[in-house]
Amino acid sequence: MPTMQEEIKQERSFQDYKSNVKPIWCPGCGDFAVLQAILKAFTELGLDPEKTAVVSGIGCSSRIPAYTNVYGFHGVHGRALPIATGLKIARPDLTVVVTGGDGDGFSIGGNHFMHACRRNVDMTYIVMDNQVYGMTKGQASPTTAPDWSGSKLTPGGTGINPFLPLGIALSSGANYIARTFAGDTNFTARVITEAILHPGFSFVQILSPCVTYRPEQREWRNLTHASETEYATDPSEAGRRLLADDGLTLGVLYKGSRAVFQPDITPTSSVTDLDSGFHLPHQRQPQSLHHHRATRKGINSVEELLAHSIDMEKEAQEAYNELADQMDVHNNQEVAELFRKMAVIEGKHVDQVTAKGEGLTLPHIAPWEYRWEIAGFKEAPEAISPTDTHYLMTPYHAVSLAIRYEQRAVDFYAKVAESTADPAVKKMALEMCEEEKEHVSLLKARLARYPAPKEGWDEDMDPPTVQE
Ligand SMILES: Cc1ncc(C[n+]2csc(CCOP(=O)(O)OP(=O)(O)O)c2C)c(N)n1
Ligand code: SF4
Ligand SMILES: [Mg+2]
């Protein structure tokens, strides 16, 4: 039986959902990865851009609508949820996704958050939680730890216990609740996809590092950990799990089946008619993604291997273009040019591996179903993590970064060759491994051309931040 993803017609590509507005986030900001995850989820669902709306408030994270090629509304600080609620009630045929930050959603918009959970309108709320007001230069937010003293406004910390978004969502009635880390982009894409499919109000908290005002959040990559339990369907069970939560547990906490709030909006002439329109319709059964991941072992066909190779090269091309844009925005032209060249090279690799698959029918694989974990990776081997960059990075750093990621590709193919039972896959994986080794050698030769950076290369007396 085909999976739900396979049944959905894949007519649009990732690029179709991406607008041509270049993000102005600080290089390394976790929001880049969240944007990727949202775009991957839209692609996977094959959403009709004309039937999709992304609504936001104000903040760095609230810039997402500008970067997606669907309908967008960059609203008022803290008011994204009421705007989105009105939109979904008036146009139930739309897929409505709301994006924002912890300040926007839990401070000024905290009241709307609780009531949106309670109301249970069918939409998805994605909060990029960096435990700080990034856009206004680093003040404490409701999710900031009480002893964080990084802001001059709160030199000894706020001394106030943080707001617990998952707990508030659960107790207020949200129908789907999850937490992810921006750096786990494919897992985040999977959760967003599932959240959109799940009826009712879905809430996804994404730990998304603010590298400028909370640089220590880069460590989330090592500190976050996957939940050891499957999601709960009983709210009290989910509540018990939250009592043991350290705030860094990733996964789906809860999937509920409450009735969705969708009043009849046919124009009415009497109060009785109006009242009767506000009934709760029959409960829709929650849909869930079909996962065949657990039952699939290794890579056991040439087609599957080629699908992985094409995705790996496309992700590399996308990552380098993205990095070049980031460096352009921050006027680091030398590194921007270097990344642009690398993107062109990766584009050629895409063409080369695509040519190898000519005449074959390659399987469609959802982003979270690629088998990168064969080599111990969560993401495609060449998908450069946005938190690995710095706006002051030098060509030496850029080439070193590229070497590190090409080496991951070498490791991936070596592991595929080692673990597959299929001789044709083994042969092709070994060939690809050799090609990747050659890329590493070429890059190493190139690295020798650049001087190693001097100490203090990343010091900046006036660090950039985005302006509203
Ligand atoms: C009514 C109003 N009050 C205050 C502000 C100033 N302001 C802009 S963004 C922001 C906080 C944003 O923090 P968060 O939502 O966490 O987003 P981040 O920038 O961290 O992604 C504030 C207080 C505003 N724009 N409007
Ligand atoms: S200040 Fe920079 S790093 Fe922090 S959230 Fe805003 S764009 Fe991201
Ligand atoms: Mg924030």
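## A buried helix

Helix α2 is largely enclosed by the rest of the structure, because 14 of its 15 residues are buried, where buried stands for 20 or more other C-beta atoms, placed from the backbone, within 10 Å of a residue's own. Helices here are DSSP runs of H or I with at least four residues, and strands are runs of E with at least two, both numbered from the N terminus. The model is predicted, so local features need pLDDT of at least 70 and side-chain atom pairs count only at pLDDT 80 or more, while totals for chains, interfaces and linings use all residues. Residues are numbered from 1 along each chain as its sequence is written, and chains are lettered from A and ligands numbered from 1 in the order in which they are written.

Just after α2, Gly46 takes a positive phi of about 60°.

## The chain as a whole

The chain contains 15 helices and eight strands, and its C-alpha atoms fill a box of roughly 75 × 60 × 40 Å along the principal axes. Buried residues account for 46% of the 468 residues.

## Around ligand 1

The shell of ligand 1 holds 20 residues, the closest being Gly59, Gly101, Gly103, Asp104 and Gly134, where a residue belongs if its C-beta atom, placed from the backbone, lies within 6 Å of the molecule. Both β3 (95-101) and α5 (102-108) supply at least two residues of this shell, and α5 gives the largest share, three residues.

Conventions:
Buried ≥ 20, exposed ≤ 12 C-beta atoms within 10 Å, placed from the backbone.
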